[in-house]
Each structure stands twice: as C-alpha cells, then as structure tokens.
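Opening the notebook on this one. I want to look up a surface patch, a strand and a sheet, then the domains.

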Amino acid sequence: MDNRTIAAIATPNAPGGIGVIRISGENALEVADRIFRPVSGKTLSESKGYRAHFGDVYYNNEKIDEAVCLVFRAPASYTGEDVAEISCHGGLFVTKQVLRAALDAGAAPAEAGEFTKRAFLNGKIDLAAAESVMSLIGASGKQAAAAALNTLDGNLSREIKGVADSIIAICASLAAWVDYPDDDIEDTSASDMLPVFESAQNSLKEIIRRYDCGRAVTDGIDAVIVGRPNVGKSTLMNLLSGFERSIVTNIAGTTRDVVEEKIVLGEIVMRVADTAGIRETENVVENIGVNLAKRRLERAELVLAVFDGSEPLTDDDIDIIKYCESKRAIALLNKSDLPLAADRKIIENAFAHSVELSASTGEGRGELEKAVADIFRTNEFNPNAACLTSERQRQCCVNALASIEEAINAINCGVTLDAVNVCADCAIDALLQLTGEKATSAVVDEVFSRFCVGK
Amino acid sequence: MEYISENFDIAVIGAGHAGIEAGLAAARLGCKTAVFTINLDWVGNMPCNPSIGGTSKGHLVREIDALGGEMGIAADRNTLQNRMLNLGKGPAVHSLRAQIDRRGYCDYMKFVLEKQENLYLRQAEITDIRRDGDEWILKTRLEALHRVKAVIIATGTFLAGKIFIGDISYESGPDGMFPSVELAQSLKNLGVLTRRFKTGTPPRINRRSVDIESLEPQYGDEKITHFSYVTDFEVRNTEPCYITYTGEETKKIILDNLHRSPLYSGKIDGVGPRYCPSIEDKIVRFSEKERHQIFVEPCGANTDEMYLQGVSSSLPEDVQLKIVRSIPGLENAEFLRTAYAIEYDCVDPLTLRQTLEFKDFDGLYGAGQFNGSSGYEEAAAQGLVAGMNAALKIKGKEPVILDRTTSYIGTLIDDLVTKGCSDPYRMMTSRSEYRLILRQDNADRRLTEIGYKAGLISEERYNKFLKKLELIAEERERVENLSIPKTPEIDAMLVSRGTSALEKGLKMIDLLRRPQVNYEALTPFDKNRPDLPDDVFEQVEIDIKYEGYLKRQQMQINDLRRLEVKRLPNDLDYNEITGLRLEAIEKLGKIRPETVGQASRISGVSPADISVLLIYLERNGING
C-alpha cells in the first residue's frame, strides 16, 4: 500500500483552543523530529509510544509554538502506523503553520479520509466502517474533482493555466528540438527560456502572496514590536491593545519577556509581540530578553520598528535598522508630540514605510493602520476575488514554484537542458494537478500542433 | 487439400522487425518456434527509411540489445553511417542513429533466423487462425495445418494492406509484396476487433540522376558508438546523407493538385501518423513555412537507390514527379519507386495485456504495427516482449513485465495498453517522465540483469556486465577520495571553461559535479587515472554530474513502483465497487488495467478512485 507519510490538521478548521496536527506513516516520527524538539532533549524516534512529550515546534529553524506531541507506535495507533500528534496553541494561523512545517519536513498532505482509509487497510476498523469510509472518499473525490474546476475561481484558473501553458510551450519546444534534431526547428536556448521561467516564477509568487494576504485577513499576521530600550514600545503595545498589557516605566530594560497580544488594526488581525529593547547589555537576564527579541524579529511577518523621534538616532537604533533590512517593516517615529530631533532621512532611506506617531496620545494611529494595509495590500483584498482556497492548492503552487526555481538555477549553473526539461516537467505536473489534467500528453499534443516535424 | 503439418510451441506470423525478435526470443528460451513470412527474401525489410535508431528509437535499440535482442548487432553489422544525435543537449537525449545497408540487413537477419536453434523459418502465408481447446490451429495458403500453443501476430502493414497513389488504389503489402487478406477476415471471425491505420513512404530515386555536388552533405561521427554492448568489430562510415529544401515552386504544385490526393478527397479512411505527415499535409498545415527540409539518404551499399526523407505523398505519380523535380538538386530525378500511402488492419492496444497477450484470447499475442505503433524499433521492442512472455508462459514461468520506470520499452507498452492510440504511436523522448534515468548509455545497467534472469543473456555476457559494474563502483570510489590541489594550471583550466577557480583543493568528485568540467579536462590533474573503458568513465561522470536530478527521479520511480506491484485481477467487476465514480467504472471496465499503477494512469480515474480501489482490494483479500 501507499506508505507515504501524510499530515493534516485533525481538529475542525475553525478558531478554537487547541489545534492538532496528525502525522502518520513510516517516517512520521522522523518528520515530527524535524519540526518538534522535546524539552527532554531526546528525539521522538526514540520514544516507545503512548507517551506525551512537551517541547517546541520549529518552522525554518524558528520556534513557532510550544506544544505537546503524542507519539503512537505502529500498530497501536488510530491508523495502525507510526503516528505523531502535535497539539499546539490553537488559532488557525499557528495550526496551519505547524502543518506547513510538517509538509516542508517531508510529509504529504493527507487526502480526504486518508487516515481512516489507512486505519481500515491496517485492520483497525471493521468492514461496516470501511464501507462508509469508501462512500465518503468517493463523495469527497467527486467534490475534489468539482473543486479542481470550481473552487479554483475562473480568473485564478486562467492565471494558473496561463503559467502552465507558458511552461508547456517551453517543453514542447524542447521536445521538438530534441526529438527532431534534423528538422529545421529553431534552436531552443537557455536564454530564451529564462524570461519565461522568471515570469512564471513571479506569477506563482504573486498567487501564493495573494493567498497569504487573504490569510492575513482571515487568520491574522504575526507582528513584532522592536526598538532600543525606552523608545516607547510598551506604550505602543498598550495603545494598540487598548489596555495596560505591558508594564511601562521610564527605566530602560523593563520588558524582558516577550509579551503577546492579539489586536485589530483596521481590517487586519495582528498577533503583536512586545519585546525587550534591543541593545548591547551586560545584564544576563536582559540579554536573554534581547536575544528572544532578535529571534522573534527574524520570523515575524511584520516588524514595527520604534524610534524615539525626539532624540537623534543612536548606534543601537542603527543596529535595529540593519536588523530590519530584509524584513517587511514599518518605522515608527514615536513621541511626535515632542519636537523632531531624529534624522528622518536615514529612516526614510531604510524603510519603505515610516509613520510619525505618539504612542501616548494615539496621534498617528490612522497612518499606521494605512501603512499596514498598504504592505499587506489588504485594502485591495476582496474576499470574493480569485484566491487559492486550501493549503493543498498552495502546496501545488509552492511545488511548481520550487521546480521552476530549480530550472532557473540549473540554467544559471550551465546544466544541460535535459535536466532543465525535467524540472519544467515537474512544474507542469504540479500545476496540472491543480487543474486536473495530465502532463506528458499535453506536451506531445503541443509539439504536433506547433511544429512541422517528421519524415 | 488440408493436411496436418508440424506442431510448434509458438508461431510468429510475420518476419519483420517485431516477428524477428519475437521468434528469436521464443526460440532462445527453448520453445520450438515457427516464423512465417510471405516473402523469405525480405526478412527484416525496411519498407520506409533506410535507417535504424534516431531520437528515443536509439534508446529502444540499446534496450533491446541489453535484453539480448538482435536488432543492435544487426544494425552495427550493416551500418553505412553512424551518428549520435543531440550531442550537447544532455546525456538523457543523446540518441544513436545509423543509415543501414537495407539488403545487407535483410540477409543478415535471415541468416540469424536460419541458424537459430529451435527456430523454423518458413515462407508461407497464414490464411486462417482458429482455436482448438487451449491451443491454436494455423492454416497456410497451401493448406498445411499447424497446431501451436501460442501465436504472435506481427503482420505490420500486410494485414488487409491497401495502397493508395492518387486516384489509384489496390490491395497490396509493402514494396510490391502480397497483402494478407484472408487472415484479416479470419481474425474478424475470431472476434478480434480491428481498425484501419495508415502510413506512407516517399519516392526512391536513382543516384545518377541527382546533382549530388549541389547538395549539402551530412557526414557520420568520427567517434563511432555501437548500438550493441557486445559489438567488437569495426563499424565505419562509408556513405554521407544529403540535404536540400523544397521551395515556392513545390508549394504551388501541391496546392494546384491537392484535389487529386486521396487524403484530401476522403478516399482513405485510415488514421495517419501525426509525426510522419505527407508533404501535402505539411504544406497545408504549415502554409506559412517557406521551405521544408529534404534528406537524400543512401538505401544500401550495392545500390544507387536513394530515399527522399520528407516527400511522403499519396498524390498521383505524375504530380509526385513534378514535386520531386521542383526541388533543387533533384531537377532531373529518375524514379525507382513511387511514393505511396498504405492502409492496414491493426488492433486497439487497449485490448492487450502488458505482456502483449490479448486479454480475451489466451495464447494470442500482438506485436509491432499490428498493435497500433509505428517504426522498426518500436516493433522490435514489442516483438521481444511478446516472444519472451509467450515462451515464459508455455514454460510455466512468471511473465517479465517491463514497467514504464524501467525503460522506453516499458513506456511504449504501458502507453499502448493504458492510453491506447488514435494514430500510429511513435516513441519520443518526451513520452518518458523518467528520461534522465532511462538513458541510452545505461540501458545495460537497467536491463541486462532482467535479460539474464529471463534467460536471454549468456553467462559469459552477464559476467562481463558484472565486471563493468564493479569497475564503475571502483572508479567512483577513487574520484570520491582523490584530492586535487589548487594550482595555477587547474585554475586556468577552470576559468577558461567558464567556471570559477578553486578556493582550496577539492575532491575530484566535486570538480566533476560542475557542468563545465569533465574527465577529459581533468586528465592533466589526474595522473594516476586507471586505464578503463570509455563507457565506465562515462557512467561515473553522468552519475556524479546529474546526481541530484537522478535521485529525484528515483524517488518518483519508487513512488510509482509501490502501485505498480499491486496487481488487479482481470475479471474484477468494477460495477460492484462502492464509491467509484461512474467515469472510473466505465474506463476501468473497458481497459481492465493489470496493476493499480496502470489504473492510476488512465485518464478519468482520479486519486480518490484509486483509494477506493485499494480499499476494495484489501477488504477482499486481493493482495496482488
């Protein structure tokens, strides 16, 4: 039987207290080990099963949540295979991120009813249950078939089809060039292909971005407030959350832990973390806080970098500007109720968005809202517009994108075109999975309609 | 009057490329095998292009050879010109092609069949085929009756063959041979559903009438590669090919006479191949193209006959002559043979198993054009598989099924029996999703083990093959461990090849990973290199250079194999399976796939249907 390791969210797809991600299959524990680190320091693969492990979930080497992982050993599990179930702190966003981490770590997205199917195949449920599962899978298969055509909105479907067609055209040119070397077909060169791949890469990135931005509206985004000590980060946090969440003093270094709050800014739900002021410090406890802040900064989807507008920029400020370089960030020149002393030029050169605001009076909050909306383009976000509707669809796009990037990389390294072609094939496969067509015949058909070839 | 003649284990009808390999494989596996042909002088005839191999077809020939077939050696023996196509486009798409001395090839193959133990070559037309219990009775034109356990039909274009030239048509096989008309009717009576396909061939002209000097010559490779892994004799280039082009005048002649083409006036019902369009087709469909390329190819060592690749046509003879004479260099061309289109009976390959046995007729097999394919190499590949499996079945052994992850042969057969074909099926590299692994250079590494286990590869050849694998492994280990120091000389070499200089010394394997670097370039820096055959270095280098891509393809292959080993019973009633979608029930019922993997490739069968199928199999204890 199919012994891929699969993963899916096992709790209802709705906001709730706890979200469970189930990973099942031969390599379930290896996959889980890649994303979950028990505090005990042991790996899950060493676990005997029927054990709960407390630890942290990591995505791209960044901690994203604290969680409990239950390990079940085959055959004593629901599916009869090795199973890891990660229970995380709910919230659709975190749950989905954990799932994505599992998928990136080598699990395949589970088909509808697949856990149950495996449970049956491994003799864990009886015949009657199996019958109903089969009807269920059959029905969901029908839905999935309909979904391939319908839930992919017309515009999106056209867009994806457009990308697929552009790659199919390349593959057809390559196929004709390779299969008919004696016919006078124009040479297909890597430099001709590169712009097509790059354009496909951009389109897919845009499609994925749009999905992620839609998700920003529905699931919320991860934001972090950073700044050197005592520029007013905690005051800002309190302004945004509407109540005294962080302890505010004028003593630099008061906030040492990361304080988190869910706030609503315009249309966007943000999970904002207030962090310790980032500065060079000798204080051990404060230093731990500073490091936490830095790590938090690296994985945030949005950075709110706070500067004290009433003072000239310090070396610590400059360091923070550097940290923000590759991030989506907004510079906040706080204390706009006082005269501006900071060098706006430096800030404006470093940040695409900057806002003057007074955290204590609330002045400038509207500008901040606007800047956030600009970055996530949520003002353009139309809940009815074309968007991928599931993580599975996203995964197809991500796979296609990865293959296209591999093709681009192969071209740039000077690898022969037969290998480039195989990358392009994989991209087509992934895209046609979304539209429900098959790849190789598409290329062959295209060769014969476009090229005059043959003896 | 009918008389009882000799009995055989296996009878092969036809001694073309499919029939030859089928007969040889069956006889070599120890079955008493008869090969019947309408004309003994044209065993292994090439009624169309006088060449073997070409893109992806070259892969097929090497695979046939790796499995112990004859085509590769026969081609090497009779080569006029040898070229590796697609050099510079990557090893996956390198393909060998040879111009062949057509007469020499026929003589060679006839002789091989004559000498083959257990094989009985006969000039006889089979006119009737009927069942007798578990066995078959074949009747010849002279009314001899042969009782056999299995029959392999490899009738090519002979089966109810009909030739079209302009408004003239007549029943005929290729090259003026008799067609096989009664057998076609006999198969219909048996209940074998046939259909009409069409193909065609260009005119042949006399070399003395060609202005050779004005044509652009195309020569063979200086470094010759053999088709066969066992060829140890010298192969030389003796004849070039020539290139010319059609022009405006050609186009005008064709357009003025289009109404006289049986294709365009609707006289031909047969479906023609897309990859092999007639010149009139090309002009009509690609009217914007100013010129079409024509190859003038030698047909043999002892003849002045030349083949005009690109001028396939079914227009009347007078128009053909005008067309040819409108082509620069061919103004005075004298015809030796006129181009024709030929229509013939073939089966829908969806009615065949992966062994090429009919699902509904035990012991009846099809191979070659009869199965809806096209091309000598495609035919030979199927002949080998059909012959081998017919013999294994008679011996009570497990069949050898080459799935599509193993070979182009497997891909060809899987496509035919799973997807079917609506026009004659030609192999193309783009048909294989695993083409980085299925290369022509490693056919032996992929298949010789299988050929050996089946009994088609001799002990001696197998031991040589094992030795080669050993050398590859040793050489790989050597380059993994060999450090190459940073020197001005190596840096200069690297930079001159467009890659970066060394930061520090590197292992040789890491240098070989660079696309710009190869064994040859490293010779001065690898002083103690052992003296190994070129193909050992080639394998090591390709393995290293494409490692990442190969691994990825291997993963895809492993995924597919899991479904490929799950077998589906032939009598499975898909209507009984709860949860299958209607379209899937219909398609699965019609095609009756033999494995879950095959089922998953049928268009209209979704992943959910496959899940349902797996559950059903498991529930009913059908474990394949």
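Before I start, my cut-offs for cover: buried is under 20% relative accessible area, exposed is over 50%, and partly exposed is in between, with a 1.4 Å probe and protein chains only. This is a predicted model, where local features need pLDDT of at least 70 and side-chain atom pairs count only at pLDDT 80 or more, while totals for chains, interfaces and linings use all residues. Residues are numbered from 1 along each chain as its sequence is written, chains are lettered from A and ligands numbered from 1 in the order written, and side-chain values use heavy atoms, without hydrogens and water.

Entry: I looked up Val68(A) and found a relative accessible area of 33%, so I logged Val68(A) as partly exposed. Val68(A) sits in strand β5 of chain A, residues 62–72. Strands here are DSSP E runs of at least two residues, numbered from the N terminus. With Val39(A) and Phe54(A), Val68(A) forms a nonpolar surface patch of about 260 Å² accessible area together. Areas are Shrake-Rupley with a 1.4 Å probe. Patch members need over 30% relative accessible area and no salt bridge, and nonpolar side chains are joined within 5 Å. A salt bridge would be a Lys or Arg side-chain nitrogen within 4 Å of an Asp or Glu carboxyl oxygen.

**Entry: β6 of chain B.** How many residues of β6(B) are buried? Six of six, over residues 95–100. I checked both faces: Ser95(B), Arg97(B) and Gln99(B) are buried on one side, and Leu96(B), Ala98(B) and Ile100(B) on the other.

Next I looked up partners; strands pair if DSSP finds at least two bridges between them. β4(B), residues 51–53, pairs antiparallel with β6(B) over three bridges, and Gly53(B) stands opposite Arg97(B). β5(B), residues 79–85, also runs antiparallel to β6(B), joined by six bridges; there Thr79(B) has Ile100(B) as its bridge partner.

**Entry: an open sheet in chain B.** I traced six strands, antiparallel, in the order β15-β16-β17-β18-β14-β19. β15 (216–218) and β19 (335–337) of chain B are the edges, each with a single partner strand, so one side of each has no neighbour in the sheet. β15(B) meets β16(B), residues 241–245, over three antiparallel bridges, with Pro217(B) opposite Tyr242(B).

**Entry: domains.** Chain B splits into domain 1 (3–199 + 344–454), domain 2 (204–340), domain 3 (470–552) and domain 4 (565–619). Those bounds come from an automatic or database domain assignment. I noted 46 Å between the C-alpha centres of domains 2 and 4 of chain B.

Definitions and conventions:
Helices (H or I, at least four residues) and strands (E, at least two) are DSSP runs, numbered from the N terminus. Patches are made of residues with over 30% relative accessible area and no salt bridge: like charges are joined within 9 Å, nonpolar side chains (Val, Leu, Ile, Met, Phe, Trp, Tyr) within 5 Å.
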